[in-house]
Amino acid sequence: MSKRFEQKDWQESMRLKLDFNNMMTSYVGENGISEAEIADLQAQIEKAEKAMVEKRANGGMDWRDLPYNQADIVKDINAYVESVKDEFDTFVVLGIGGSALGPIAVQQAINHPYYNELSKEKRGGYPKLYVMDNIDPEKLVSLFDIIELDKTLFNVITKSGSTSETMSQFMIIKEMLEEKLGKEESKKHVVCTTDAKNGNLRPIADKEGYKSFIIPAGVGGRFSELTPVGLLPAAMCGIDIEELLAGAAYMDELCKNDNTFKNPASMYAILNYLAMKRGKNISVIMPYADTLKYIGDWYAQLWAESLGKKFDNDKNVVNVGQTPVRALGATDQHSQVQLYSEGPKDKVIVFVGVDKYKTTLDIPKIYGDIPSLGFLGGETHNKLIKTEQMATEYALLKSGQTNMTITLPEVNEFTLGQILYLFEVATGFAGELLDINAFDQPGVEEGKNATYAMFGRPGYDEKKAELDNRPAKNDKYII
Ligand SMILES: O=P(O)(O)OC[C@H]1O[C@](O)(CO)[C@@H](O)[C@@H]1O
């Protein structure tokens, strides 16, 4: 008996849709993009397509192979989860950026919204999941008010192994574990996800005898959700990681379409590229489902860190990028939509809708005598949220604010794999169109190095001297 994600009909019924009508001049008016503009871009599009194919073939985009080359890793992860899930009540991820945002997004999308509050039995026998992605001292200390150390498994996730936020959390927890449980016993409470060879964490894991998983060398943090970075936390809370990867593989096929107008990743990138050319430097992602709220956070890092660049590939200063803004429908209709509708036409709004929610919620037929409430009775929240989404799309169309809609037939592992992979390929493609390196993040280094210098890390004397010479703050400008 094949699994549902192996069945062609089921796959087709779960195909994600990208509707970009409201990006086009024929719909949104002069703020939109015309087919002629896309035609004019043809040579650049072909160059970008060629570069994507070449990079993939030359190992410059290893994340694109993740849906296909991890059968053994999936087995290893699932076996590990089975071997530990009864022993632990809590699974805590220590990571930041790409090592945290994907695990949060996937867990929130698939599991019960109050997953951690359910009994272990109702969680399918899996542990609770917490992701510690900050160094706010109050947060980590508070975690210990609600977890039992001897029932907790910590997953340290860091590609570089040098990220201060993650490694300092690990150092605190290692000491706590060893004090409470002893060195030998505490080993079972740590699992590492890191590079196979490089960085600080690999030698630590080997020396301490921690179980570990590998982040492939050619996969950067924000493209790593479909490696053990995301697969282990997902499997640890009962998510079908095989189906997640199958969804990504399905999207990979869609993204191979030579016809640009039928290729969702190319189209997403082209439209945003042309929008950026017109000064639309804000990318709002607005899911109409609480389950998809944290996809917005994950997307924000992917889009911002990949495309926000000072230099193009020829080292010209270009200062490009789109600022991602996270919004949630219908909630943010009552806080941000006023701006989207009447404010500057400097945005692309990306609605993410769902055709079929996991439940149907009827609105009772009461208050029939109050016309402004009675019309709701006998309907469902499902219809109301969908209608509000369509109405907001319409209102933005009318106001001339470019927008598009991605629709998931339902939220499950297969559709989630599709949307993650779609955004990753679109990001790579947008990077090619912008002629920048979408896979580095030099702008993050300055702040990191300044932290190291201020914190007294050896080898940062020069940076320390530079900092010591920075202009002193003027009291006149401090109130
Ligand atoms: O996995 P690491 O190496 O700890 O990095 C965490 C994050 O830090 C960055 O390198 C810079 O913010 C991100 O790209 C990455 O996701």
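**Helix packing and the nonpolar core**

In this predicted model, helices α4 and α18 cross in a right-handed sense, a crossing being right-handed if the near helix is turned clockwise from the far one by less than a right angle, and left-handed if anticlockwise. The contact is made by Gln44, Ala48, Ala51 and Met52 of α4 together with Gly428, Phe429, Glu432 and Leu433 of α18, where two residues are in contact if their C-beta atoms, placed from the backbone, lie within 7 Å. Helix α4 comprises residues 42–57, and its axis lies 9 Å from that of α18 at an angle of about 125°; axes are lines fitted to C-alpha atoms over the stretch in contact, and angles run from 0 to 180 degrees between N-to-C directions. Helix α4 is therefore oblique to α18 (angles under 35 degrees count as roughly parallel, over 145 as roughly antiparallel, 65 to 115 as roughly perpendicular and the rest as oblique). Helices are DSSP runs (H or I, at least four residues) numbered from the N terminus. Residues are numbered from 1 along each chain as its sequence is written. Local features need pLDDT of at least 70 and side-chain atom pairs count only at pLDDT 80 or more, whereas totals for chains, interfaces and linings use all residues.

Helix α12 (residues 241–254) also packs on α18, at an angle of about 50° and with the axes 6 Å apart, which makes α12 oblique to α18. This crossing, too, is right-handed, and among the residues that meet are Leu244, Leu245 and Tyr250 in α12 and Phe414, Leu416 and Tyr421 in α18.

The largest nonpolar core has 118 residues, those with the most contacts inside it being Leu271 and Val350. Such a core is a set of buried Ala, Val, Leu, Ile, Met, Phe, Trp, Tyr and Cys residues joined through C-beta atoms within 7 Å, and a residue is buried if 20 or more other C-beta atoms lie within 10 Å of its own. Helix α18 (residues 413–434) gives the most to this core, with 13 residues. Because domain 1 (4–58 + 244–434) and domain 2 (66–239) both give residues to the core, it lies between them. Leaving aside neighbours within four places in sequence, Val350 is in contact with Ser283, Val284, Ile285, Met286, Met404 and Ile406.

The domain assignment also gives domain 3 (445–477), its bounds, like the others, coming from an automatic or database assignment. The centres of domains 1 and 3, taken over C-alpha atoms, are separated by 40 Å. Helices α19 (residues 442–455) and α20 (residues 461–468) pack at an angle of about 90°, with their axes 8 Å apart, and are therefore roughly perpendicular to each other.

Notes:
Buried ≥ 20, exposed ≤ 12 C-beta atoms within 10 Å, placed from the backbone. Helix = DSSP H or I, 4+ residues; strand = E, 2+ residues; numbered from the N terminus.
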